[in-house]
Amino acid sequence: VWEPVTGKLKKDLTYQADELFMMHDEAVLALAFNRESSVLVSGSLDGKIKVWRISSGQCLRRFDHAHSQGVTCVALSRDGTQVLSGSYDGSVRVHGLKSGKMLKEFRGHTSYVQDVCYNADGSHVISCSSDATVRIWDAKTCEQLHGFRPPAAGGGDKEDPGIHSIQLHPLHPEQIFVSNQSSSLYLMNMSGQVIKAMQSGKREGGDFRAMAVSPRGEWVYALGEDSVLYCFSTAAGKLEHIMQVHEKEAIGVAHHPHRNLVATYAQEGPLFLWKA
């Protein structure tokens with residue numbers, strides 16, 4: 001856990017000062033905080049999920065068989081009692097923090113699940129996958145209610161690009177930002193209709209790998225495979241700014257929940273903080 005202003009390790013967390021970190025046996029692929037930032041959920045390559053109390057570093061709950069393959073994404077329910085997860089095994093699952101058991105499973109994706117979230121009132125689960133679909137599920141019955149694909153960029157015989165990121169619009173939760181492995185990202189409604197399409201204009205070598213949305217939804221940031229950060233105005237649907245953030249192999253981006261700070265990180269190791 002890092003201090004966002006100084007970029008230094010938070011040593012006021014005594015377990016970190018003593019170099020007793022929150023650990024998995026294999027690579028951690030997914031992280032998510034609860035609403036109060038007091039609890040962290042982590043998912044790893046061996047299919048395990050752990051739930052941690054940030055103040056003490058204590059593992060509150062572990063799911064050793066959460067998935068049969070790597071856990072790619074995690075999210076907490078609004079009330080903090082359930083963990084939603086997606087995996088390389090193609091499934092979306094809900095796990096109970098109290099029971100320590102899997103409560104629900106949503107099946108239908110035909111490839112890796114890349115991102116998951118609940119809708120605003122928790123009645124629906126939304127997932128996206130390398131199979132190029134976004135799917136909306138009934139959180140109680142596990143029934144698939146809708147499935148849609150963003151528009152094909154190039155047309156022709158080319159396969160539709162896999163979708164890596166979805167995020168609800170913070171002020172209009174019936175709308176969802178969708179980013180796939182192309183140089184376009186979309187603001188869509190829950191029926192799959194495109195409200196805004198945003199493009200970098202780069203024809204080759206700039207496909208997006210990750211996406212983050214500002215706290216009020218005015219800006220959306222897409223990280224390209226060219227390690228360039230593309231900043232779009234949601235209102236105008238236009239590219240407003242570009243910035244080279246890493247030399248190579250940039251893989252992720254996140255926005256601070258209430259400050260104008262954006263974090264980017266790369267395969268080679270460094271994590272950088274940028275003023276948004």
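Trainee: What makes F208 and Y230 count as buried?

Mentor: Buried means under 20% relative accessible area, with exposed over 50% and partly exposed in between, using a 1.4 Å probe and protein chains only. Both F208 and Y230 are buried. Keep in mind that this is a predicted model: local features need pLDDT of at least 70, side-chain atom pairs count only at pLDDT 80 or more, and totals for chains, interfaces and linings use all residues. Residues are numbered from 1 along each chain as its sequence is written, and side-chain values use heavy atoms, leaving out hydrogens and water.

Trainee: How do you know that F63 is buried?

Mentor: Its relative accessible area is 4%, and the cut-off is under 20%, so F63 is buried. F63 sits in strand β4 (residues 58-63), where a strand is a DSSP run of E with at least two residues, numbered from the N terminus. F63 and K48 are 15 residues apart in sequence and 5.7 Å apart in space, C-alpha to C-alpha.

Trainee: How many aromatic pairs turn up in the whole structure?

Mentor: The search finds 5. One of them is F208 with Y230, at 5.5 Å centre to centre and 55° between the planes.

Trainee: Why is that pair called tilted?

Mentor: Rings of Phe, Tyr and Trp (its six-membered ring) pair if their centres lie within 6.5 Å; planes under 30 degrees apart are stacked, over 60 edge-to-face, and the rest tilted. F208 and Y230 have 5.5 Å and 55°, so they pair and the label is tilted. The pair links distant parts of the chain, with F208 in strand β17 (residues 208-213) and Y230 in strand β19 (residues 228-233), 22 residues apart. Together with F232, F208 and Y230 form one aromatic cluster.

Trainee: Why is β11 described as mostly covered?

Mentor: In strand β11 (residues 134-138), 4 of its 5 residues are buried.

Trainee: What makes β13 and β16 edge strands?

Mentor: The open sheet has 4 strands in the order β13-β14-β15-β16, with antiparallel pairing. β13 (163-168) and β16 (194-199) each pair on one side only. Inside that sheet, β14 (residues 175-180) and β15 (residues 184-189) share 5 bridges, and V178 stands opposite Y186 in β15.

Trainee: Which residues line the largest cavity?

Mentor: The lining is A132, R149, P150, P151, A152, D160, P161 and N180. By class that gives 5 nonpolar, 1 polar and 2 charged residues.

Terms used
Pairing = 2+ DSSP bridges. 1 Å grid on protein atoms, 1.4 Å probe; cavity = no way out; pocket = protein on both sides within 12 Å on 5 of 7 lines; lining within 4 Å. Nonpolar A, V, L, I, M, F, W, Y, C, P; charged D, E, K, R; others polar.
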